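Subject: Structure handover

Hello,

Here is the structure we spoke about, for you to look over. My notes on it follow below.

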Amino acid sequence: MSTCLIALDKVKKVFYTDEVETHALMNISLKINKGEYVSISGPSGCGKSTLLSLLGLLDTSSGGEYQLAGNDVSDIDKKERARIRNKEIGFIFQSFNLISDLDVEENVELPLTYRKDLTKSQRQQMVKDALAKVDMSHRGKHFPAQLSGGQQQRVAVARAIAGNPSIILADEPTGNLDSKNAEAVMQLLDKLHAQGATICMVTHDPRSAKQAKRTVELLDGQIIADHSTEKGTDNGNAAA
């Protein structure tokens, strides 16, 4: 029986600027089970990145309920969001977000240094394991500027998976890469999923979306389709 990792119930997000209300998300109900590989797609401005920010506890909703691994995280404070985010969620960003004056190993280890439950030797082993998974062990002492774009994204993936998070959130992970490096990163995500990782990826690229096992389509802040890319079946989350 599948374990529900993420459950959103009628979640909405409203942004206020001056006297203008912008409804970025409206009544989003979505479930993601452990081990799934889900893509979130749709045109620019449809709410993809806003939804990913809510899933990653980088922002809070304006209404509705969010349960992560069975725990209600809808109204927790900033400190608790940061603690859960550091332990349970791995982020892969379009722009890599590596720190230029830290070498590869230090970049991968950085999020782990905030974990009080880990010793230095444990962190070092986790970094070693993560770099091995993305075939970047030989670049551990190199700095970001010494790496290609594809290599930098591999390091970013290693950083995301080093802490063994419950879910990996990827925001346009191939957006800054050429087609060859983009394909290599997508193959890496496929490999991680095959090893049991739960992945939720935002993408505007139809080819990348199809590599996920399930696609959720957004339009104007609402889910308009939710289907398996393997069987073509509806998962029942689309808005009526």
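In what order do the six strands of the open sheet with mixed pairing run? The order is E6-E7-E8-E3-E9-E10. Strand E6 (89–92) and strand E10 (222–228) are the edge strands; each has a single partner strand, so one side of each is without a neighbour in the sheet. From one strand to the next, the twist averages 15°.

Before the details, a word on confidence. This is a predicted model. The chain has a mean pLDDT of 91, with 95% of its residues at 70 or more. Among the elements of the chain, the lowest mean pLDDT, 86, belongs to helix H7 (residues 206–211), and the highest, 97, to helix H3 (residues 104–109).

Back to the six-stranded sheet. Strand E3 (residues 37–41) pairs in the parallel sense with strand E8 (residues 199–202) over four bridges, and Val-38 stands opposite Cys-200 in E8. E3 is also joined by four bridges to strand E9 (residues 214–219), again running parallel; there, Ser-41 is opposite Glu-217. E3 is mostly covered, with five of its five residues buried. Tyr-37, Ser-39 and Ser-41 point one way from the strand, while Val-38 and Ile-40 point the other way, and all are buried. E8 in turn is joined to strand E7 (residues 167–171) by four bridges, and these two run parallel. Ile-168 stands opposite Ile-199 in E8.

There is also an open sheet of four strands, in the order E2-E1-E4-E5, with antiparallel pairing. Its edges are strand E2 (20–33) and strand E5 (71–72); each has a single partner strand, so one side of each has no neighbour in the sheet. Strand E4 (residues 63–68) and E5 pair in the antiparallel sense over two bridges. One detail to look up in that pairing is Gln-67, whose bridge partner in E5 is Asp-72.

Two backbone angles may be worth checking. Lys-10 is not a glycine, yet its phi is positive, at about 55°. Lys-10 lies in strand E1 (residues 4–17) and has a relative accessible area of 55%; the cut-off for exposed is over 50%, so Lys-10 counts as exposed. Leu-57, also not a glycine, has a positive phi of about 60°. Leu-57 is placed in the loop between helix H1 (48–55) and E4. Is Leu-57 buried or exposed? Its relative accessibility is 1%, and buried means under 20%, so Leu-57 counts as buried.

Leu-57 comes up again in the cavity search, as one of the residues that line the largest cavity. How many cavities of 30 Å³ or more are there? The count comes to one. The largest cavity has a volume of about 90 Å³. Its lining consists of Leu-8, Val-11, Leu-54, Leu-57, Asp-59, Thr-60, Ser-61, Tyr-66, Val-73, Ser-74 and Arg-81. By type, the lining divides into six nonpolar, three polar and two charged residues.

Regards

Technical notes: Residues numbered from 1 in each chain as written. Predicted model: local features only at pLDDT ≥ 70, side-chain atom pairs only at ≥ 80, totals over all residues. Heavy atoms only, no water. 1 Å grid on protein atoms, 1.4 Å probe; cavity = no way out; pocket = protein on both sides within 12 Å on 5 of 7 lines; lining within 4 Å. Points joined across faces, edges and corners; volume = space filled by probe spheres on them. Nonpolar A, V, L, I, M, F, W, Y, C, P; charged D, E, K, R; others polar. Buried < 20%, exposed > 50% of the residue type's maximum accessible area, 1.4 Å probe, protein only. Pairing = 2+ DSSP bridges. pLDDT = per-residue confidence, 0-100. Axes fitted to C-alpha atoms, helices over the stretch in contact; angles between N-to-C directions.
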